[in-house]
Amino acid sequence: MNPQRIVVVGAGHVGLYAALRLSKKLNRRRAEVVVIDPQPHMTYQPFLPEAAAGNISPRHSVVPLRRELRKCRIVSGEVTKIEHARKTVTIQPIDGPSTEMEYDHIIVAPGSVSRTLPIPGLREQGIGFKTIGEAIYLRNHIMDRLDVAAVTPDPAVRKASLTFVFVGGGFAGIEALAEMEDLVRDALQYYPDLDQKEVRFVLVEATNRILPEVGAKMGAYAARELSKRGIDLRLDVRLESCVDGEIVLSDGDRFQAETLVWTAGVKPSPMLERTDLPRGPRGHVTCLPTLQVVDGDKVLDGAWSAGDCAQVPDLTNPGAWCSPSAQHAVRQAKVLADNIRTVVLGGLPKEYRHKYVGSVAGLGLYKGVAHVYGIKVKGLPAWFMHRTYHMSRIPSFNRKVRVVADWTLAFVLQRETVALGQLHTPREEFTHVTPPVKLPEEREKVVAGAR
């Protein structure tokens, strides 16, 4: 009997956990698990703010696929097309021509991307916060702005360099903002020419509240705490333009800023547009509670989805959909893997049901808010809950130990505030010192022209 091929598109929370569970639950005589992703690692996104702030090493916030998924086949490439009618997936490897791969089951879990708007200047000025690369770039950029402000004789440049704008008041935006404010506050002790009063952090949020996931009371507490730290909260305000660093807000204010971080929501991966899978009004793959892809009343044999890119009914809240959170994604991955195993062995899949237990959010070092099982917690206990929860959720014992080691060292050592900006242009110095060499045909052209 030939083993069935299970293709996993995307190695995020859903892809990694589902592939790991399938590789443990099904032996290789039953199924071959193939994981396709452009990156050789899974990024644990809740740790991006801490990695950007220097609380943990960037490498410890990602999980190497080949190390964690040793029983799976890893394909480093991008899925450019899914034709479920033929049960084939087209893969563009890192190098070389594209190839087609047939499958028996497919898990469509490419995740989400930043949901941007057609705002003038956003494409040129904005910095996202979805990947480890963006997180480290933001850290280096902010530290570079401090260096610029410390030496420039131009007051306008100094003021713009010390102004940091974050758009979006959800988890990603608030945690990134709070950690970066902590980072700058700690770094200023090494900049005697700069004063904390010159630093300006601005949060722009289109609604009238922040952190809606933790409830109105805890969201209000978080807003008060951020305001006490001097952070300028602009609620019910939209970003209208940021051309050449000039920030224009809907409340009429305008000012210069050299840092603009965009964290205003996510949308399903655009890769889904190159598939023949049914999608909902917002671009999500439509699913049953069993996590099987459904087209109207027709269940598509062998097609499964979950996580940020899927529209899954929330059975604990009739009429609603499961939120695009890591809490749902990890649990959906487990049910999805068990359902595929059941179907491969000839059984019937079970429905996913999970009541949202609440949320925790960090507001920087030793500060946080939480609303879990109806209990509201704030300050140091909430921060401890935040760290404990995410440490327990990051895959692999190896990563758990490394993260705890980073945190332990941070208790006794000062935060690292060094920037490694050269990471973003690694060949610039080498190309600057290496003289150009004319090729033989170019030399012949020069000689012929001289004649």
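Cys309 takes part in no disulfide, and the nearest cysteine sulfur, that of Cys287, is 7.5 Å away. Because its relative accessibility is 0%, Cys309 also counts as buried. The structure holds zero disulfides, a disulfide being a pair of cysteine sulfur atoms within 2.5 Å.

## Basis of the values

The model is predicted: local features need pLDDT of at least 70, side-chain atom pairs count only at pLDDT 80 or more, and totals for chains, interfaces and linings use all residues. Residues are numbered from 1 along each chain as its sequence is written, and side-chain values use heavy atoms, with hydrogens and water left out.

An open sheet is formed by five strands in the order E10-E17-E11-E12-E13, with parallel pairing. Helices (H or I, at least four residues) and strands (E, at least two) are DSSP runs numbered from the N terminus, and two strands pair if DSSP finds at least two bridges between them. The edges are strand E10 (126-127) and strand E13 (232-235), each of which pairs on one side only. E10 runs parallel to strand E17 (residues 259-262), joined by two bridges; Leu260 in E17 is the bridge partner of Gly126. Helix H7 (residues 171-187) lies across strand E11 (163-167) and E12, at about 175° to E12. Axes are lines fitted to C-alpha atoms, for helices over the stretch in contact, and angles run from 0 to 180 degrees between N-to-C directions.

Strand E12 (residues 200-205) contains Val202, which counts as buried because its relative accessibility is 0%. Apart from neighbours within four places in sequence, Val202 is in contact (heavy atoms within 4.5 Å) with Phe164, Val165, Phe166, Asp232, Arg234 and Phe255. Gly230 is 28 residues from Val202 in sequence, and their C-alpha atoms are 9.2 Å apart.

## The antiparallel sheet

A further open sheet has three strands in the order E23-E24-E25, paired in the antiparallel sense. Strand E23 (358-362) and strand E25 (375-378) are the edge strands, each pairing on one side only. On average, neighbouring strands of this sheet are turned by 5° against each other, direction ignored. Five bridges link E23 with strand E24 (residues 368-372) in the antiparallel sense. Ser359 has His371 of E24 as its bridge partner.

## Helix H9

Helix H9 (residues 326-344) has 19 residues, and its first and last C-alpha atoms are 27 Å apart, close to the expected 27 Å. That expected span is 1.5 Å times one less than the number of residues. Buried residues in H9 include Gln327, Val330, Leu336, Ile340 and Val344. Among the elements that cover the buried residues of H9 are strand E1 (4-9), helix H1 (13-25), E23 and helix H10 (380-393). After H9 comes Gly346, whose phi is positive, near 95°.

## Annotated span

UniProt, in an unreviewed entry, lists residues 5-316 as "domain: FAD/NAD(P)-binding". UniProt positions are given in the numbering used here, feature names are shortened, and annotations may be inferred rather than shown by experiment. This span is 27% helix and 31% strand, and its end C-alpha atoms lie 33 Å apart.

Technical notes. Buried < 20%, exposed > 50% of the residue type's maximum accessible area, 1.4 Å probe, protein only.
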